[in-house]
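Here are a few exercises to work through with the viewer open. Try each task yourself before you read its solution.

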Amino acid sequence: MNKRRRLTGFVVSNKMHKTVVVDVTRTYRHRLYKKVVDAHNRFKAHDELECKVGDQVRIVESRPISRHKRWVVEEILRSSESARSVENEEV
């Protein structure tokens with residue numbers, strides 16, 4: 001395993017050619033107020049795996065591919081179809 005950073009998030013847009021927008025949520029406790037806070041970051045990632053909106057993916061840091069792309073989709077952890085089927089089974 002190399003030292004590149006890896007983040008997990010959900011695909012929120014796939015309208016660009018070979019690019020997806022991944023929303024990564026980080027949960028932490030505020031230092032002063034001790035409240036649990038959710039922070040969201042959106043990253044543009046290079047996509048060779050053809051992700052769909054709603055897929056949970058792991059992205060890995062890479063060399064700059066374009067002006068805004070510095071991440072690559074490494075793998076699809078959970079596809080949106082399987083997540084929808086699990087939700088339908090629970091209901």
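**Exercise 1: a loop residue and its backbone**

Lys18 sits in the loop that links E1 to strand E2 (19-29). Keep in mind that the model is predicted.

Solution. Start with the general rule: most residues other than glycine have a negative phi. Next, check the surroundings. Lys18 has 39% relative accessibility, so Lys18 counts as partly exposed.

Glu50 belongs to the loop between E3 and strand E4 (56-61), and its phi, near 60 degrees, is a positive value in a residue other than glycine. Glu50 counts as exposed because its relative accessibility is 64%.

**Exercise 2: the setting of His46**

Task: is His46 buried or exposed, and which residues does His46 touch beyond four places away in sequence?

Solution. First locate the residue: His46 is part of strand E3 (residues 36-46). Then apply the cut-off for burial, which is under 20% relative accessible area. His46 has 16% relative accessibility and therefore counts as buried.

Now list the neighbours. Leaving out residues up to four places away in sequence, His46 touches Lys18, Ile65, Lys69, Trp71, Val72 and Val73. Lys18 from the previous exercise turns up here: its backbone oxygen lies 3.4 Å from a polar atom of the His46 side chain. The side chain of His46 is also joined to that of Glu48 by a polar contact of 2.8 Å.

**Exercise 3: an aromatic pair**

Task: how many aromatic pairs are there, and how are the rings arranged?

Solution. The count comes to 1 aromatic pair. The ring centres of Phe43 and Trp71 are 5.1 Å apart and the planes meet at 55 degrees, so the pair is tilted. The angle decides the label because planes under 30 degrees apart would count as stacked and those over 60 as edge-to-face.

Where do the partners sit? Phe43 lies in strand E3 and Trp71 in strand E5 (residues 71-78), so the pair ties together parts that are 28 residues apart in sequence. Phe43 and Trp71 are both buried.

**Exercise 4: the whole chain**

Task: which pattern does the chain follow along the sequence, and what share of its residues is buried?

Solution. The secondary structure comes to 1 helix and 5 strands, in the order β-β-β-β-β-α. Of the 91 residues, 26% count as buried. Contacts complete the picture: among those between residues at least 6 apart in sequence, 49% join residues at least 24 apart. Finally, turn to charge: the mean positions of the 21 positive and 13 negative charges are 11 Å apart.

Key: Residues numbered from 1 in each chain as written. Predicted model: local features only at pLDDT ≥ 70, side-chain atom pairs only at ≥ 80, totals over all residues. Heavy atoms only, no water. Helix = DSSP H or I, 4+ residues; strand = E, 2+ residues; numbered from the N terminus. Buried < 20%, exposed > 50% of the residue type's maximum accessible area, 1.4 Å probe, protein only. Polar contact = N/O pair within 3.5 Å; in protein donor to acceptor, adjacent residues only side chain to side chain. Contact = heavy atoms within 4.5 Å. Lys, Arg positive; Asp, Glu negative; His and termini not counted. Charge placed at Lys NZ, Arg CZ, Asp CG, Glu CD. Phe/Tyr/Trp six-rings, centres within 6.5 Å; stacked < 30°, edge-to-face > 60°.
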